[in-house]
Amino acid sequence: MAAVLFVVFCLLAILVSASASAADQDAFIGVNIGTDLSDMPNPTQVVALLKAQNLKHVRLFDADRAMLLALANTGISVTVSVPNDQLLGIGQSNATAANWVARNVVAHVPATNITAIAVGSEVLTALPNAAPVLVSALKFIHSALVAANLDEQVKVSTPHSSSIILDSFPPSQAFFNRSWESVMIPLLKFLQSSDSYLMLNVYPYYDYMESNGVIPLDYALFRPLPPNKEAVDSNTLLHYTNVFDAIVDAAYFAMSYLNFTNIPIIVLESGWPSKGDANEPDATIDNADTYVSNLMRHVLNNKTGTPKHPGVAVSTYIYELYNEDARPGSVSEKNWGLFNADGSPVYVLHLSGAGTVLANDTTNQTFCVAKDGVDQKLLQAGLDWACGPGKVDCKPMLQGQPCYEPDNVIAHSTYAFNAYYQQMSKSPGTCDFKGVAAVTTTDPSHGSCKFAGVVGTNATIINGTSLAPSSNSTTSGSPSKYLFNDGFVTSSVIIGALLMSAFFL
């Protein structure tokens, strides 16, 4: 793809009618906030970014007082966490748990909208020696909330790695690692009795990497698959078009195996790294953009839920808000974030339709470019449309003008697509052109050819009501109106370009 560094996030509205527990509640997208940064923004800066991007749900990996104070009176729903290094103490002492709740929850509500407590993190796989006290820790925390009359507002659970689910495909055969049944059964009983939910960390990236080629990349990234490529559960005949749904349904089936059928699931972590070591070739900007964008569309827009529970969406927290450059481990461990420490976006999630979550351009410098490797006939058709019905000033691409070179359809389409995108004020859906265009933060200007949208330059804005061609359009195309030296070259006169409107509108 042509876009490699991205800037604004354009997504669908944060609330749609679905949930992990009941269809009459709303699904949401949240974000994890890690702090392993060499230059961690202060809490006020973090909250300013959350508000600018209209993020209404966050998960903290601790219960930092300064962060909770900064989140006060914002309306943002907050999940606080008991770190693993505090779990043993809380799980062995009701008084310690009560003090933790008093200090980290009671002291901050109602000003800070704390709605959940994540007790530990992947305890069964990351800290197995604490597993015997895990359920006690949850119960002690919950008892303290009951005493403070906060148990209805603040739910208690513990996030699990999906690796505790064995034989996860087909999902209908999945079961929890039986060595942990002595923990899982009382844990699920607690979640059921306290009207809480199972917290699950879902990382299709790792499933894909560890499959040695068995799992197709498209299947991990939510990319469309032909029906004959979809995974089918031979027991239920349910079709699975992505890894995410298969893992979530595997958890549902695993709970059913233990006779728990009414516990909802919230995915507390899911994401894709934008950069990796040499042995991680699929940790890229484009794949991170594709996965997270499709994930958010899946949760917020499709309302399809999972094959086992259609219409019951699974609220999900993206991992994570910032790239954590100080995090130990591989390159990919440091590059899961949506933003850099200075607040600049790592990439853009660009979906069709207007949205409010992660929709604000924090640098006001984004561009629309032609994608690499796409059908040149579609590029040509988009170029014709932009220079015709789209009312773009294409004179700079004429021979002898600054943007004539390089003389090919990709370069000329990029100029025209971007000019249209800028004159439409970067509105959602104006950088699509039947799927051959994408938004980027990389300035495509070259030499004396300066693109509209560069800070400090002036773009000619032409008011109009024509909408850019959308990938949702099903109308057929018409012949190109341009002839080029290499098969495609810009004409000085746009003859018949208006005919292209039938192709796009």
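Modeller: A pocket is an open set of grid points with protein on both sides within 12 Å along at least five of seven lines. The model discussed here is predicted.

Biologist: How much space lies in the second largest pocket, and which residues are the closest to its centre?

Modeller: The space in the second largest pocket is about 690 Å³. Its lining is made of 30 residues, and those closest to the centre are Glu122, Asn201, Tyr203, Glu269 and Arg327.

Biologist: Which element gives the largest share of the lining of the second largest pocket?

Modeller: The elements that each supply at least two residues of this lining are helix 5 (123–126), strand 9 (165–166), helix 8 (204–210) and helix 10. The largest share is three residues, and these come from helix 8.

Biologist: Which elements give two or more residues to the lining of the largest cavity?

Modeller: The model has two cavities of 30 Å³ or more, and the largest has a volume of about 50 Å³. Its lining is formed by Phe244, Asp245, His298, Val299, Gly305, Thr306, Ala313 and Val314. The elements that give two or more of the lining residues are helix 10 (243–257) and helix 11 (285–300).

Biologist: Thr306 is in that lining. Is Thr306 buried or exposed?

Modeller: Thr306 lies in the loop between helix 11 and strand 15. Leaving aside neighbours within four places in sequence, Thr306 is in contact with Asp245, Val248, Asp249, Tyr252, Val312 and Val314. The cut-off for a buried residue is under 20% relative accessible area. Thr306 has 3% relative accessibility, so Thr306 counts as buried.

Biologist: What type of pair do the rings of Phe28 and Tyr317 form?

Modeller: A pair of aromatic rings is described by the distance of the centres and the angle of the planes. Planes over 60 degrees apart count as edge-to-face. The centres of Phe28 and Tyr317 are 5.6 Å apart and their planes stand at 85°, so the pair is edge-to-face.

Biologist: How many residues apart are Phe28 and Tyr317?

Modeller: Both residues are buried, Phe28 with a relative accessible area of 12% and Tyr317 at 4%. Phe28 is in the loop between strand 2 (26–27) and strand 3 (29–33), while Tyr317 is in strand 15 (residues 316–318). The pair links distant parts of the chain, and the separation is 289 residues.

Biologist: What type of pair do Phe417 and Phe433 form?

Modeller: Planes under 30 degrees apart count as stacked. The ring centres of Phe417 and Phe433 are 4.0 Å apart and the planes are at 15°, so the pair is stacked.

Biologist: Which residues do ring pairs link into a cluster?

Modeller: The count of aromatic pairs comes to 21. Ring pairs form a cluster of Phe61, Tyr203, Tyr205, Tyr206, Tyr208, Phe222, Phe244, Trp272, Tyr291, Tyr319 and Trp336.

Biologist: Which ring does the charged end of Lys308 sit over, and which ring does Arg178 lie over?

Modeller: The charged end of Lys308 is 4.2 Å from the centre of the ring of Phe253 and sits over it. Arg178 is 4.1 Å from the ring centre and lies over the face of Phe175.

Biologist: Which residues is His108 in contact with, leaving aside neighbours within four places in sequence?

Modeller: His108 is found in the loop between helix 4 (94–106) and strand 6 (113–119). With a relative accessible area of 7%, His108 is buried. Its contacts beyond four places are with Arg65, Leu68, Leu69, Arg103 and Ile114.

Biologist: How many helices and strands does the protein have?

Modeller: The protein has 505 residues, and buried residues make up 55% of them. Among contacts between residues at least 6 apart in sequence, 73% join residues at least 24 apart. The secondary structure comes to 14 helices and 17 strands.

Biologist: Over which residues does pLDDT stay under 50?

Modeller: Mean pLDDT is 82, and 80% of residues reach 70 or more. One stretch under 50 has 126 contacts beyond four places in sequence, and it is residues 1–24. Another has 83 such contacts, and it is residues 471–505.

Methods: Residues are numbered from 1 along each chain as its sequence is written. This is a predicted model: local features need pLDDT of at least 70, side-chain atom pairs count only at pLDDT 80 or more; totals for chains, interfaces and linings use all residues. Side-chain values use heavy atoms; hydrogens and water are left out. Rings of Phe, Tyr and Trp (its six-membered ring) pair if their centres lie within 6.5 Å; planes under 30 degrees apart count as stacked, over 60 as edge-to-face and the rest as tilted. Helices (H or I, at least four residues) and strands (E, at least two) are DSSP runs, numbered from the N terminus. Buried means under 20% relative accessible area, exposed over 50%, partly exposed in between (1.4 Å probe, protein chains only). A charge sits over a ring if NZ of Lys or CZ of Arg is within 6 Å of the ring centre and within 35 degrees of the ring normal. Contact means heavy atoms within 4.5 Å. pLDDT is the predictor's confidence in each residue, from 0 to 100. On a 1 Å grid over the protein atoms alone, a cavity is a set of points where a 1.4 Å probe fits but cannot get out, and a pocket is an open set with protein on both sides within 12 Å along at least five of seven lines; lining residues have an atom within 4 Å of a point. Grid points are joined across faces, edges and corners, and a volume is the space filled by probe spheres set on the points.
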